[in-house]
Amino acid sequence: MNREHDASRRSLLKSGAITAAVVASTPFLGTLEAFAARNAQGRGAGLVRSSYGPVRPVKDLTTGLELLQLPDGFQYKSFSWTGDMMENGQPVPTAHDGMGVVTVRRGQHGQEIVLVRNHEASTGPLIDATGIYDDVTLANGQRPAGGTTNLYVSRDISQPVRTLPSLGGTRTNCAGGVTPWGTWLSCEETTADYRSVGGRAHGYVFEVTADPALTTAQPIIQMGRFAHEAVAVDPRNSYVYLTEDARNRAGYYRYIPTDASQQPGSLAVGGILQAARVRDRALVDLHAPKQGDSYQLEWVEVAYPDLDPQPEGSGPYAQARRAGGLSMSRGEGIWYSEGKLYIVDTSAGTDSQGRAGYGEGAVWMHDLSTDRLTCVFASTDAEIANNPDNITVSPRGGVLLCEDGGGVQDMYGFGERLLGLTTAGEAYVFAKNNVVFDDVQAAAAGKNVSGGDYRSREFCGACFDPSGHFLFVNIQTPGITFAIWGPWARGSL
């Protein structure tokens with residue numbers, strides 16, 4: 001495996017004075033840099049107790065069920081479960097996934113927060129939205145079942161949440177990202193192709209607006225056709241950075257739009273897709289990074305972003321590799337904050353058999369001012385981080401990771417977790433999946449889902465409202481969205 005060892009960067013990470021200065025100037029950056037510094041010094045890392053305090057089961061203010069474990073002082077409400085009725089009379093779709101706050105505006109009960117939520121369904125019932133991309137009916141009677149729904153949440157959390165479909169006829173809408181102009185970019189994590197049966201090719205990015213009636217379901221072809229995971233937009237120049245989720249065949253891309261006016265629809269006008277490469281080095285694999293590993297990036301053009309999949313991987317990935325592009329293990333969440341991008345590789349590292357790209361996950365920091373990519377977090381044990389997936393940054397500068405590794409046993413029992421990092425760079429449990437109920441309890445709560453033990457199911461879609469009062473997050477199965485609030489100032493979030 002190729003890996004660049006940057007001695008000067010490691011020296012910087014080992015400098016306590018420099019790390020302290022970084023912590024003081026940029027809290028989130030400081031959190032991750034400090035974590036890297038401690039590991040570079042050989043001090044190791046482990047799960048620590050949170051300054052928010054230990055978590056414990058807390059009752060949902062909607063159903064009365066103890067669906068989450070949270071620290072003292074935190075409350076939450078669940079809403080828009082799979083099977084609940086939307087305003088158009090259709091049930092809420094399955095497989096809640098990536099999500100973002102696109103705007104805060106005047107609503108029926110004062111200010112309302114508008115979220116767009118992905119649904120990572122493959123085939124099944126079509127989401128009946130105004131914007132439909134592919135309405136093909138397959139031989140088995142199934143249809144592309146992915147898409148998005150819009151949620152309208154009043155700041156007066158006692159008011160009911162409105163849910164409307166906003167995009168349909170897509171497939172496997174995993175994550176995405178918000179834009180500076182108040183829309184959501186929803187990503188298809190697939191390269192399924194239904195053209196031979198009268199449908200359309202999949203594997204694209206779609207723009208979703210706060211008003212579902214204005215969502216066109218137009219794919220942004222020039223952003224490439226591959227197993228998209230997430231995107232993040234640099235607000236200074238409208239460049240869109242994209243991750244790919246394909247085991248050890250995952251490129252890292254950026255899209256330079258022709259139209260940088262930052263208006264809905266501007267990205268679909270066209271642009272140039274590029275792939276990251278390590279400067280002066282070809283075909284670098286980043287499948288098993290260590291904290292402090294650092295690389296200087298350069299970019300190569302992907303001439304045919306809509307190319308069909310190739311033997312080497314997706315069409316864009318194959319072109320990138322032929323030009324010496326780098327490879328991640330499985331690119332997942334990406335988030336922009338203060339001129340930096342924070343990127344999750346969910347399976348970076350090695351497993352017990354020493355296989356690279358089958359580990360517990362890592363976080364990279366991409367400094368956009370220097371085009372420097374640095375590994376700032378690498379889990380070596382499932383208890384520290386169990387395959388983090390989505391990532392977000394709070395308005396106060398704290399990092400939060402959503403786990404998707406099938407559950408882990410820790411001091412609070414078994415289940416998936418929301419993990420934060422302290423300002424000293426230590427991982428802690430902020431919340432734990434506690435979703436266990438039976439059919440009788442589900443029916444008593446008015447929910448149209450099957451009872452079961454869902455503690456192993458992933459957290460996803462974590463995002464804060466701009467004020468930092470609410471944290472919104474999903475549990476993918478059985479499909480629940482939560483609003484969480486409490487004494488955030490007690491800790492790093």
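How many bridges join strand 4 to strand 5? The answer is in the first view. This is a predicted model, where local features need pLDDT of at least 70, side-chain atom pairs count only at pLDDT 80 or more, and totals for chains, interfaces and linings use all residues. Residues are numbered from 1 along each chain as its sequence is written, and side-chain values use heavy atoms, without hydrogens or water.

**View 1. An open sheet of 4 strands has the order 4-5-8-9, with antiparallel pairing.** Strands are DSSP runs (E, at least two residues) numbered from the N terminus, and two of them pair if DSSP finds at least two bridges between them. Strand 4 (96-107) and strand 9 (162-170) each have a single partner strand, so one side of each lacks a neighbour in the sheet. Strand 4 is joined to strand 5 (residues 110-119) by 9 bridges. Look for Met99, whose bridge partner in strand 5 is Arg117.

**View 2. Phe430 and Ile484 have the most contacts inside the largest nonpolar core, which has 31 residues.** Such a core is a set of buried (under 20% relative accessible area, 1.4 Å probe, protein chains only) Ala, Val, Leu, Ile, Met, Phe, Trp, Tyr and Cys residues joined through side-chain atoms within 4.5 Å. Among the residues that Ile484 touches, not counting those up to four places away in sequence, are Leu68, Phe430 and Val473. Contact here means heavy atoms within 4.5 Å.

**View 3. Asn386 sits in the loop between strand 21 (372-378) and strand 22 (388-393).** Asn386 is buried, with a relative accessible area of 4%. Leaving out residues up to four places away in sequence, Asn386 touches several residues, including Glu360, Asp404 and Arg417.

Terms used
Buried < 20%, exposed > 50% of the residue type's maximum accessible area, 1.4 Å probe, protein only.
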